[in-house]
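A short report follows the display.

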Amino acid sequence: MPNPNERTVILGVAESDAHAVANHLIAMQLREHGFTVVNLGVCTPLADFADACDAHPEAEAVIVGSLNGHARTDLAALPELRAAGRLRLPVVLGGNLSVGSHKSADDHARLRALGVDHLVEDPGELPLLLDLLLAARTGIPLKARADEPVG
Ligand code: B12
């Protein structure tokens, strides 16, 4: 069970993707919100995210960025990993998720079909999403978590 007062997330950029700036900004932002961020950085194979989940059983989500438009290819192994019982944490994906400036609902549907749990555009929404996920997992209401020490 995660400790609501000590919160860890796993962050990284998808395997084929070398765009580093948003990754660093998101890591900083989450740390400012009190999260411990295990930042795997750019060009991270999905198997490395799975390894990080194993190494950090206290982590509450895996947050993946993708800017170069190849998210679907980079996340193609997600169903296989999940079938093997790995990468069970919620997977949150954000960035520029397909090639070209026009994004269709199909792009998102295909990513969801792979098992991506949450598609987020604005990194500023991550803390609230993580709070909601934790509340759903622990049953502890958000306000109570903020006010009460954990026994
Ligand atoms: C800098 C840059 C590079 C640098 C990266 C250097 C580095 N170490 O980071 C270099 C030159 C290496 C590069 C290479 C390439 N790039 Co480039 N790059 C850019 C550029 C100019 C800026 C990216 C950036 O840092 N922005 C600043 C950050 C803060 O903003 P951001 O990345 O847009 O992220 C925002 C959101 O997307 C979101 N977000 C991002 N990640 C995440 C993650 C989560 C979880 C969430 C919730 C939100 C989120 O939040 C951020 C703030 O709002 C953009 C164009 C642009 N002006 O945006 C192209 C761009 C991202 N690159 C692009 C491309 C195509 C490439 C290359 C394929 C080019 C090529 N043919 O070689 C390669 C791919 C390399 C690779 N293996 O990934 C395209 C992607 C197009 C697409 N998806 O359809 C873009 C959009 C340019 C374009 N208009 O065509 N690139």
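In this predicted model, Val92 stands opposite His118 in strand S5. The pairing behind this is between S4 (residues 91-95) and S5, parallel over 3 bridges.

The pairs can be set side by side.

| Strand pair | Sense | Bridges | Residues standing opposite |
|---|---|---|---|
| S1 and S2 | parallel | 5 bridges | Ile10 and Val38 |
| S1 and S3 | parallel | 5 bridges | Leu11 and Ile63 |
| S4 and S5 | parallel | 3 bridges | Val92 and His118 |

Strand S1 covers residues 7-13 and is joined to S2 by 5 bridges. The chain goes from S1 through helix H1 to S2, and this β-α-β crossover is right-handed.

Strand S3 is mostly covered, with 8 of its 8 residues buried.

Now the ligand. How many residues lie around the ligand? There are 23, and Val21, Ala22, Gly65, Gly69 and Gly94 come nearest. Helix H1 (21-32), strand S3 (59-66) and S4 each supply at least two residues of the shell. H1 gives the most, with 4 residues. By class, the shell has 13 nonpolar, 9 polar and 1 charged residues.

Next, the backbone. Most residues other than glycine have a negative phi. Cys43 has a positive value, near 55°. Cys43 sits in the loop between S2 and helix H2 (46-55). Is Cys43 buried, exposed or partly exposed? Cys43 is partly exposed, because 16 other C-beta atoms lie within 10 Å, and the buried class needs 20 or more.

Leu87 also has a positive phi, near 50°. Leu87 lies in the loop between helix H4 (78-83) and S4. With 23 C-beta neighbours inside 10 Å, Leu87 counts as buried.

A glycine with positive phi follows helix H6: Gly139, with phi near 75°. H6 itself (residues 126-138) has 13 residues. From its first C-alpha to its last, H6 reaches 18 Å, close to the 18 Å expected at 1.5 Å a residue.

Leu111 and Ala71 are 40 residues apart in sequence, yet 7.9 Å apart in space, C-alpha to C-alpha. Leu111 is placed in helix H5 (residues 105-114). Why does Leu111 count as buried? Leu111 has 21 C-beta neighbours inside 10 Å, and 20 or more is the cut-off for a buried residue.

Technical notes. Residues are numbered from 1 along each chain as its sequence is written. This is a predicted model: local features need pLDDT of at least 70, side-chain atom pairs count only at pLDDT 80 or more; totals for chains, interfaces and linings use all residues. Two strands pair if DSSP finds at least two bridges between them. A residue is near a molecule or strand if its C-beta atom, placed from the backbone, lies within 6 Å of it. Ala, Val, Leu, Ile, Met, Phe, Trp, Tyr, Cys and Pro count as nonpolar, Asp, Glu, Lys and Arg as charged, and the others, Gly among them, as polar. The expected span of a helix is 1.5 Å times one less than its number of residues. A crossover is right-handed if, with the strands pointing away from the viewer, the path from the first strand over the helix to the second runs clockwise. A residue is buried if 20 or more other C-beta atoms lie within 10 Å of its own, exposed if 12 or fewer, and partly exposed in between; C-beta atoms are placed from the backbone.
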